[in-house]
Amino acid sequence: MAWRTPKLVCHGLPASLRRCRATFREVTELRPSPAAERLAHWQVAFKDFLQLDASAQVHGSRYTGLAREDSDVDILTSVPLEYLAYLVQSDAASSSCFKMIEHVQRSKVHRLLLRHRSTGAELDVIHRLADRRSTERDEVVKSLLS
């Protein structure tokens, strides 16, 4: 986890301001940087998704390491998308942390777009049988990057 360390220059300041800035520095050093907090958001969202499908896998840019801070989380699931959509839209306790953005059915690969309520992370969920080569492609990309 990356920690933010502010650079404070206290030369020429009165002693009272130097003490305030030193206290500010000590407090901010204990907080993770915004980038580290955002990185954890997708992990929290995926962990919550595992309540819906314990065998779900992350793939795509998050898996290969090419994701940006604002990238969505691509997920492979073994649960039928219609059933996941039902769970998310119902009042089931395990699905209360997701909001359905869209259930895309008129495309080559059907997908379920979800938003994690507490973090705002977006999840792009597909059934693992809908794109059987997705993990293979991810492995090729990951090997080319290493």
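How many aromatic pairs does the structure hold?

1. The structure holds two aromatic pairs (Phe, Tyr and Trp rings, the six-membered one for Trp, with centres within 6.5 Å; planes under 30 degrees apart are stacked, over 60 edge-to-face, the rest tilted). One of them joins Phe49 and Phe98, edge-to-face, at 6.1 Å centre to centre and 80° between the planes. Phe49 lies in helix 2 (residues 34-49) and Phe98 in strand 3, so this pair ties together parts 49 residues apart in sequence.

2. Basis of the values: this is a predicted model, where local features need pLDDT of at least 70, side-chain atom pairs count only at pLDDT 80 or more, and totals for chains, interfaces and linings use all residues. Residues are numbered from 1 along each chain as its sequence is written, and side-chain values use heavy atoms, without hydrogens and water.

3. Phe49 is buried, at 0% relative accessibility (buried is under 20% relative accessible area, exposed over 50%, partly exposed in between; 1.4 Å probe, protein chains only). Phe98 is buried too, with a relative accessible area of 0%.

4. Five strands form an open sheet, order 1-2-5-4-3, with mixed pairing (strands are DSSP E runs of at least two residues, helices H or I runs of at least four, numbered from the N terminus; pairing needs at least two DSSP bridges). Strand 1 (57-59) and strand 3 (98-104) stand at the edges with a single partner strand each, so one side of each lacks a neighbour in the sheet.

5. Strand 1 and strand 2 (residues 73-77) run antiparallel, joined by three bridges. His59 stands opposite Asp74 in strand 2.

6. Asp131 sits in the loop between strand 5 and helix 5 (134-145). Asp131 counts as buried, at 18% relative accessibility.
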